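Subject: Handing over a structure

Hello,

Here is the structure I promised to pass on to you. Please have a look at it first, and then read on for what turned up.

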Amino acid sequence: MAALLNRLHHISLHVSNADKVAGDLVSKFKFSLFATRLTDTSRQLAFRKGAAVFIVNERQNQCGVSLNEELRLTYAFDPHPVNVGKNDRDNSIQCLYDASPHYPVDSVSNVCFEVEDVERSFSTLRNLGCNFLVPPTTVQDERGAVTYSVVKSIVGNVCHTLIDRTKYKGSFLPGFDVIEKDCLPEEDLSCPITHFDHITYVCPKKSTHQVMSWYEKLFGFQRFFIKSDEDVDEGFVVNHKDVGLRLTAMEYWKCSEAGITLPSVDRKEPDCKFVIAESLPGQGKNQVDTFLEQHGAPGIQHIGLYTKDIVSSAQAMAHAGVQFFSPPDAYYTEVGKQQEIEEAGHSPQLLAQNGILLDTDLCQDPLPQTTSSEKKRHLLQLFTKPLFAEDTFFLELIERRGATGFGEGNIRALWRSVQAHMENQTVDSQGERSKKTMQSGQ
Ligand SMILES: O=C(O)C(=O)Cc1ccc(O)cc1
Ligand SMILES: [Fe+2]
């Protein structure tokens, strides 16, 4: 029996310069800083937009930050993840609700889930062979208590904090100073981001099955078929001229009846999806391999932020300074693309101006009475340039009009624009401009 998850609570970033990332999240991505935890040894800042919550943790000790081979090896893809003592070297860094990862580069390293019973999840997962970085631990203040523990994922430096806040009456977590609602700036309605849509992992070649089995066995994740004709073993393969990518997706259900495996019809709605990306052999430099190289290990490559209005969100963010990838011009002039965009109710000019990609999913089993336009489901996506100094982590805006998967056309367009970006950077660095000296892509 797996440990069932109630819902995603927050995602943690570990960075060397919290002010830089905090500034970007607030001024560019329109998140609100709503809680802080500042101690002598730690700096944790929590940001919210709709139900999407990020905690930014600042790495305190900067010595030895260069990519150190020992750390790389510790965090490299490991079918038998290492134990507590070996990773948790620096106990002086008190990173509440997380382990204290001393990762050499900025990274998104923890996806925290709410569970019904942390002790029970801990014993279930430990019996299944899981490694815990933090055993069940209770933190309390005058509003009640929260119990959490931290488990190491099979993927690189990724950890999962499992948290039970049912005995807590406060609005966030004990230990954090919450900024009163009245003191928060008014929400920016031009960016209607409501939640995390998906989290995409980059993994080494041929490791997808191992990752999927781990999440299935331990947390009851189930396969989500990106395409209706997707091969069970092969996944969704995008192998087209210059693109060579294998994608596989998993989902879990928001479930409050812990310990009971409900048949899927009785389950609640699915929560954030997890996508695993690996590159296919025999390619040149590409975004997946570049992630592995610059991040130093498998991990979280991007997060899809769901928006109810991608055009307005893109415009507001671009105006605030967010840099997005633009697909090659040919994307919008391809035969039939303008018509496809118009049929979806969008303006080809507006999408082109903002670099927004649109994919159409032809519904395989439409209800008999559906009209031809109802058979078409659309997916709109837009990808930012990397947020950190390395070409690793980026954000995505995604608006779904009925489409639940990921679009092949969009993936190809993204792949090509990243390819062009990497080639430009190579030219730039040959021209004596080292990207490492820049703050980041944003
Ligand atoms: O299309 C999406 O949003 C995905 O998440 C799939 C994906 C995964 C990895 C890539 O490098 C590119 C695309
Ligand atoms: Fe994505």
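Predicted model: local features only at pLDDT ≥ 70, side-chain atom pairs only at ≥ 80, totals over all residues.

Residues are numbered from 1 along each chain as its sequence is written, chains are lettered from A and ligands numbered from 1 in the order in which they are written, and side-chain values use heavy atoms, with hydrogens and water left out.

**Domains**

The chain is divided into domain 1 (5-61 + 76-178) and domain 2 (193-256 + 270-362 + 376-428); these bounds come from an automatic or database domain assignment. Their C-alpha centres lie 25 Å apart. Across the boundary, 43 residues of domain 1 are in contact with 45 residues of domain 2, where contact means heavy atoms within 4.5 Å.

**Nonpolar cores**

A nonpolar core here is a set of buried Ala, Val, Leu, Ile, Met, Phe, Trp, Tyr and Cys residues joined through side-chain atoms within 4.5 Å. The largest one has 81 residues, and Ile199, Phe219 and Ile303 have the most contacts inside it. Helix α5 (residues 208-219) gives the largest share of this core, six residues. Helices (H or I, at least four residues) and strands (E, at least two) are DSSP runs, numbered from the N terminus. Each of domain 1 and domain 2 supplies at least three residues to this core. Another core, of 21 residues, lies apart from it, and includes Phe34, Leu133, Tyr148 and Phe172.

Which residues does isoleucine 303 touch, leaving aside its neighbours within four places in sequence? Among them are Ile11, Phe54, Val108, Phe196, Ile199 and Phe393.

**Salt bridges**

There are 18 salt bridges, each a side-chain nitrogen of Lys or Arg within 4 Å of a carboxyl oxygen of Asp or Glu.

Aspartate 106 and arginine 59 form another salt bridge, with 3.3 Å between the closest N and O atoms. This pair links distant parts of the chain, 47 residues apart: aspartate 106 is in the loop between α3 (84-87) and β5 (107-114), and arginine 59 in the loop between β4 (52-58) and α2 (69-75). Both residues are buried.

In the bridge between arginine 401 and glutamate 399, the closest N and O atoms are 2.7 Å apart. Arginine 401 is partly exposed, with a relative accessible area of 39%, whereas glutamate 399 is buried at 3%. Asp19, Arg43 and Glu58 are linked in a network of salt bridges.

**Aromatic rings**

The structure holds 24 aromatic pairs. Rings of Phe, Tyr and Trp (its six-membered ring) pair if their centres lie within 6.5 Å; planes under 30 degrees apart count as stacked, over 60 as edge-to-face and the rest as tilted. Tyrosine 97 and phenylalanine 176 are stacked, at 6.2 Å centre to centre and 25° between the planes. Tyrosine 97 lies in the loop between α3 and β5 and phenylalanine 176 in the loop between β8 (159-164) and β9 (177-178), so the pair ties together parts 79 residues apart in sequence. Phenylalanine 176 also pairs edge-to-face with phenylalanine 172, at 5.1 Å centre to centre and 80° between the planes.

Finally, arginine 48 lies over the face of phenylalanine 34, 4.0 Å from the ring centre. The rule for such a charge is that NZ of Lys or CZ of Arg is within 6 Å of the ring centre and within 35 degrees of the ring normal.

Best wishes

Technical notes:
Buried < 20%, exposed > 50% of the residue type's maximum accessible area, 1.4 Å probe, protein only.
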